[in-house]
2 protein chains.
Amino acid sequence: VTGQPARRIALVIEYDGARFGGSQRQKNAPTIQQELESALQRLTRVQTRIALAGRTDAGVHATGQVAAFSTSSRHGIEVFVRGLNALLPPEIAVLRALEVSAAFDPRRHASSRTYRYSIHNAPVRSPLRSKSTWHVVEPLDTDRMRRAARALLGEHDFAALSRREGISTVRRVLRCDIARQDDLITTEIEANAFLRHQVRRTVGALAQVGSGKLSVGGFRSLLRAAEPATAGPVAPAHGLCLIRVAYEGLDL
Amino acid sequence: VTGQPARRIALVIEYDGARFGGSQRQKNAPTIQQELESALQRLTRVQTRIALAGRTDAGVHATGQVAAFSTSSRHGIEVFVRGLNALLPPEIAVLRALEVSAAFDPRRHASSRTYRYSIHNAPVRSPLRSKSTWHVVEPLDTDRMRRAARALLGEHDFAALSRREGISTVRRVLRCDIARQDDLITTEIEANAFLRHQVRRTVGALAQVGSGKLSVGGFRSLLRAAEPATAGPVAPAHGLCLIRVAYEGLDL
């Protein structure tokens, strides 16, 4: 198939991150990127690099991760969905595929990412939810959490919710919605981009506000202090899910 | 602790049935009953028989299974919850415990059982829902399914939805609610009691109605024919969950 004009294809991907070492290719653990590249190579018989929109840590899930690759394969777009799903392990699935412009970069062109963090807030653990929620025994006051979360909105230096990495720690948080349904508390956070561990540290600190260990004012002060990683514990990876990556002028 | 009057304790139990051979004690597979009895023996140091309200098959889940046992242990009721949860494997948890009358029989005294069956109705499989839902690719018409489900209500011979077992196959279905939220279809069925595989055969047949393979009239005819196991396929076990067992005059 030499001589074919290269096509660029975007994929929307869902995965259960439990047994993976994260999204990005690495040496000592299976990753989402490796599994996708391996399935694509088996489908097209060409070794192909796949780029991912969001870097998710070991154990983090996704229902709306975006990937992209270039190929000279002439397969119809539906063949990529069905073919990859037949070749991928059960923990990963391609939900949709779309042909995009040759220059499409899923990471750099993303206008925002949305993560959902799920807390199971009950005295007793739940076997059916233990793999997708953080079990918090102390009753959490979601009204307090919501009041604190307002301080996250807008463009701020979020150094207090990450690690010092020699890069800018300024990000723009567009939305932070906290909802409770019985004993399930979900926090959805949308931002232009996130620092490493930002969502998990945000939820860790919000949970401290919810349980009364930290005041709403104390939460605000920690944020504004902008000292690296001062804002409380990191909520565990298995409660986190990348649910959407948005692009201007592209409806995935 | 000899000489103590025996107490009878009821437990409400949640479990992920994936790796178990069902609820009832058996020789060649781990079961819910064995795990509960083993944990209770370690807690009280006395070998104790535990009775379960509903017999769930291999792979079937529960959020509202009820168990009961007699004990001369003087542990407070909260010690049974915390102690058993510390000793049980992660797939099983005691949600609540309650002291009940000495004659309480969780199976014979139950006035009704409610099961929920979950279908993931979408073209592509979902890694995050594959363990708790049946993936059905063909679009299902839930209005048609609801019209067919009305024929289930009331006291009928449900032989067509079970196997001939030399016992009465008459049961009383109190409720069958079918709800869709995006690509998740849940069917909740409450009955005084259920025949073996009744819920899974009911959902299997309703899915055929939903996909158009079976007419609403055809579904009614199959039911009324009352021939054993004529009403289509058995929906897989992992989509099924026992969500409630009800007792008159006892609020668990």
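Predicted model: local features only at pLDDT ≥ 70, side-chain atom pairs only at ≥ 80, totals over all residues.
**Notebook: salt bridges, the A–B interface and helix packing**

**Entry 1. One salt bridge in chain A.** I looked up A:R146 and found its side chain in a salt bridge with that of A:D143, at 2.9 Å from N to O. Side chains of opposite charge can pair when their charged atoms come close. I then checked where the two residues sit. Both belong to helix α3 (residues 142-149) of chain A, and because they are 3 residues apart there, about one helical turn separates A:R146 from A:D143.

**Entry 2. The interface of chain B and chain A.** I asked how many residues of chain B are in contact with chain A. The count is 24 residues of chain B against 24 residues of chain A. The buried area between the two chains comes to about 1500 Å², with 57% of it from carbon and sulfur atoms. I noted that B:R125, B:P127 and B:L128 supply 40% of what chain B buries against chain A, more than any other three residues.

At least two residues each come from β1 (7-15), β3 (61-71), α2 (77-87) and β4 (92-100) of chain B. β4(B) gives the most, with 4 residues. By class, this side of chain B has 14 nonpolar, 4 polar and 6 charged residues.

**Entry 3. α1 and α2 in chain A.** I looked up how helix α1 (residues 32-44) and helix α2 (residues 77-87) of chain A pack. Their axes come within 9 Å and cross at roughly 115 degrees. The crossing of α1(A) and α2(A) is right-handed. On the α1(A) side I wrote down A:A39, A:L40, A:R42, A:L43 and A:T44, which meet A:V79, A:F80, A:G83, A:L84 and A:L87 of α2(A). I sorted the residues of this contact into 7 nonpolar, 2 polar and 1 charged.

**Entry 4. α1 and α2 in chain B.** The axes of helix α1 (residues 32-44) of chain B and α2(B) come within 9 Å, crossing at roughly 115 degrees. I recorded the crossing of α1(B) and α2(B) as right-handed. B:A39, B:L40, B:R42, B:L43 and B:T44 of α1(B) make the contact with B:V79, B:F80, B:G83, B:L84 and B:L87 of α2(B). The class count for α1(B) with α2(B) is 7 nonpolar, 2 polar and 1 charged.

Technical notes
Residues numbered from 1 in each chain as written. Chains lettered and ligands numbered in written order. Heavy atoms only, no water. Contact = heavy atoms within 4.5 Å. Buried area = accessible area lost by both parts, 1.4 Å probe. Nonpolar A, V, L, I, M, F, W, Y, C, P; charged D, E, K, R; others polar. Axes fitted to C-alpha atoms, helices over the stretch in contact; angles between N-to-C directions. Left-handed = near helix turned anticlockwise from the far one by under 90°. Salt bridge = Lys/Arg side-chain N within 4 Å of Asp/Glu carboxyl O.
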